[in-house]
Amino acid sequence: MRRFALIVLLLLVGSWLASCDSSVDSPFSKPGNEDAGSEGGGGTGAVDGGPILGAPCEDDKQCDDEVDCTFDECDLSVKRCRHTPDPTPCQNDVHCDGSEICDPQLGCRPGQPVACSDNTTCTIDRCIEATQTCAHDKRDADEDGDPDWGCGGTDCNDTNAEVSGKIEEVCGNEVDDDCDQQVDESDCVVPKYDDCVEPLEITASGQYSLSLAGLDADFAATCSTLGATSRDAVLAVIVPPGPARDVDIVATSQGAELALAATNQCGSPSGEFACHQSVESALGGQVARLLLRTLPPGPQAILLFGDAAATVDVKVTFLPASTPPTEETCGTAVPITPGVNHTTYVVGAFDDLASECPKSTGELVYQIDLPSPKDVHARAVSIDGIGNPSLALWQSPCSAASDEIVCSSAEQAHAFARGVGPGTVYLAVAATAPTVLDLLVTLEDPTPAPTDDSCVGAPAIPPFSKTAVSLQGHVDAAKLGCLPGAVDAAFSLDLSQTSDVMLVNRISDDDTAAVALALAPCSAPKQLLECTTGDRSPVRVARHALAAGSYRAVVESVSGSPMELSALTRAAVAPVFVAFGDTCDDAPLIPETGGFFQGNTANASPDYSAGCDFAPGASTGAPEQMLKLVLTQKRRVVLDMRGSGYTTLLDVRKGPSCPGTEIVNACAAGYVVDKSFLDLTLEPGAYFVQVDGYSGDAGPWFLDVFVGPP
């Protein structure tokens with residue numbers, strides 16, 4: 001009997017020791033598997049287990065374990081180093097590969113990829129990074145845009161891209177092309193313009209439409225990479241008798257990628273003298289464009305390629321003859337007259353200068369001579385709307401990337417350089433798609449730079465204040481690589497102790513903006529610490545355990561619109577893993593100074609509803625975890641779930657009773673990319689913070705809480 005009792009005692013002690021082992025997987029972490037979380041996070045995301053104890057210590061300086069993702073401190077109660085995992089430095093801002101984790105001994109480790117399986121063989125399940133959601137596309141083996149009819153589509157032959165319920169019946173081929181169980185019925189179409197014998201003849205300016213259905217792949221083009229589904233049509237542009245003409249040919253399609261090629265002899269590959277494969281149009285769909293200069297009277301062969309049986313619209317414009325532009329490089333740049341609008345065709349230019357700003361065309365280069373220092377403004381808009389202008393100002397010798405002074409790529413591009421000259425600068429004009437631009441250059445006497453226009457000598461930003469930022473008169477001074485070409489403002493953020501920092505940038509409507517945490521002088525990407533870009537408020541970044549020192553908070557705007565910046569700080573604190581908190585009764589306390597929390601709702605129970613869960617069937621609720629916040633005075637409270645691994649929902653309720661009363665405008669659903677975010681001013685009292693999921697979703701979550709003056 002004594003032996004049996006001893007064995008039981010040893011087993012109990014062993015079990016207790018195992019429960020104290022910080023390396024044991026948390027029972028509240030959801031195991032990753034391919035069917036788990038069909039719409040959500042998948043994987044643990046949060047740290048499995050708590051902090052680990054290390055070597056003896058007397059102060060924090062002795063506790064650096066050289067693991068970048070741990071919060072290292074000396075626990076004076078036991079005089080041992082404590083290393084708490086913090087997964088935030090591990091996050092790579094890629095949703096679909098899951099939330100990265102921090103192993104306190106190995107450092108950052110990959111997360112469990114988001115599992116989107118709906119366990120249905122009729123769908124192709126995939127994670128969409130742009131929207132951070134799962135898509136379940138009907139199976140479409142031949143990739144013709146129409147799912148197999150056995151899976152709810154209308155494609156009766158899902159192995160042949162030429163057969164689909166979405167295309168037209170082709171006459172004379174004895175195939176049920178449109179899957180209506182009839183062959184060559186009366187409304188079939190006869191493939192047209194398939195060869196050089198019977199092309200589509202174009203004799204005047206106008207809009208023409210043709211179908212690529214039933215056409216064969218007879219030709220090739222040097223610029224076409226459309227692949228196995230490519231087919232082609234032949235156009236004959238006939239220049240009328242008289243003087244030579246320029247011909248502008250624009251092909252657009254909503255259903256196919258395209259290519260246009262001009263050839264001296266139809267059917268002869270060696271005769272090709274112009275070619276352009278389509279790019280995305282600012283108007284939507286694909287656009288391919290050729291500007292053929294000085295064509296003599298008579299027919300000109302044009303080959304039109306497409307990768308699907310789609311309809312293509314072709315706009316042809318006959319123009320007076322012109323000579324090809326010579327302003328292809330800085331060495332052949334032509335002077336541009338300031339104050340005079342110029343119409344510029346950015347079509348067919350060569351790509352010689354590698355700008356920071358996005359473009360898909362080559363560029364034309366203009367020369368601006370400055371006998372004295374000037375503020376230089378270059379502005380452009382697209383006349384036809386096909387592509388957004390991309391402008392860049394360059395200094396001599398105009399050859400290396402460092403010679404680019406400033407660039408701008410936007411619907412209304414504005415490249416502004418302050419106090420340039422004396423000497424010569426160059427303006428490179430390109431676009432995101434071949435387009436016609438209205439271009440204007442103006443010169444002004446040098447203006448003083450705003451105090452917040454440079455990282456050097458930047459004004460201090462008060463913590464927790466909502467600082468209005470006007471970008472009027474600002475240039476792109478911060479060369480951090482965060483949002484190239486955007487004008488910016490910089491503020492000094494001075495930390496007297498190791499701190500957690502969050503920068504919150506509220507932006508204007510219809511703007512694309514950025515917020516960055518950086519080191520001075522903000523002149524190179526290596527000085528960038530954190531950066532986020534976006535087109536909806538709030539755009540924000542956070543950094544934990546940032547060493548004492550002087551930093552820069554930088555905001556950037558493509559349109560130069562006003563912003564509002566907040567810099568939130570707190571003394572650095574160790575992350576807290578919320579293992580319980582399934583109800584209000586065991587809700588962990590958020591200190592009045594804030595903190596960083598993480599958990600996993602996958603194994604929690606749905607106990608409370610949320611007023612902003614508008615998804616169908618949301619009345620059943622999602623699993624949630626609860627935290628409690630007690631304020632002794634009026635406070636500004638910012639709660640951010642950025643980085644969480646699923647579609648979160650965050651609800652703040654006024655206590656003291658459980659679960660409290662929902663506060664107006666204090667429920668945030670994270671069905672947008674940046675997850676749930678709340679910026680509240682709260683009166684003294686007790687509050688319950690409900691970490692929930694939108695539309696029943698659950699998974700690993702992060703919650704950053706900053707509390708400061710109202």
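This is a predicted model: local features need pLDDT of at least 70, side-chain atom pairs count only at pLDDT 80 or more; totals for chains, interfaces and linings use all residues.
Select Phe 596 and Phe 702: their ring centres sit 5.7 Å apart with planes at 45°, so the pair is tilted (under 30 degrees would be stacked, over 60 edge-to-face). Colour by strand and you'll see Phe 596 in β37 (residues 594–600) and Phe 702 in β44, 106 residues apart; strands here are DSSP E runs of at least two residues, numbered from the N terminus. Phe 596 is buried at 3% relative accessible area, and Phe 702 is buried too, at 2% (buried is under 20%, with a 1.4 Å probe and protein chains only).

Next, pick Phe 706: Arg 570 lies over its face, 4.1 Å from the ring centre. Then hop to Tyr 687, where Lys 654 lies over the face at 5.2 Å from the ring centre. The test is Lys NZ or Arg CZ within 6 Å of the centre and within 35 degrees of the ring normal.

Now for the largest pocket. Select Asp 93, Thr 532, Arg 540, Arg 642 and Gly 643, which lie nearest its centre among 39 lining residues. Colour the lining by type and you get 12 nonpolar, 14 polar and 13 charged residues, with Gly counted as polar and Asp, Glu, Lys and Arg as charged.

Residues are numbered from 1 along each chain. Local features need pLDDT of at least 70, side-chain atom pairs 80 or more, while lining totals use all residues, and side-chain values use heavy atoms without hydrogens or water.

Technical notes
On a 1 Å grid over the protein atoms alone, a cavity is a set of points where a 1.4 Å probe fits but cannot get out, and a pocket is an open set with protein on both sides within 12 Å along at least five of seven lines; lining residues have an atom within 4 Å of a point. Rings of Phe, Tyr and Trp (its six-membered ring) pair if their centres lie within 6.5 Å; planes under 30 degrees apart count as stacked, over 60 as edge-to-face and the rest as tilted. Helices (H or I, at least four residues) and strands (E, at least two) are DSSP runs, numbered from the N terminus. Buried means under 20% relative accessible area, exposed over 50%, partly exposed in between (1.4 Å probe, protein chains only).
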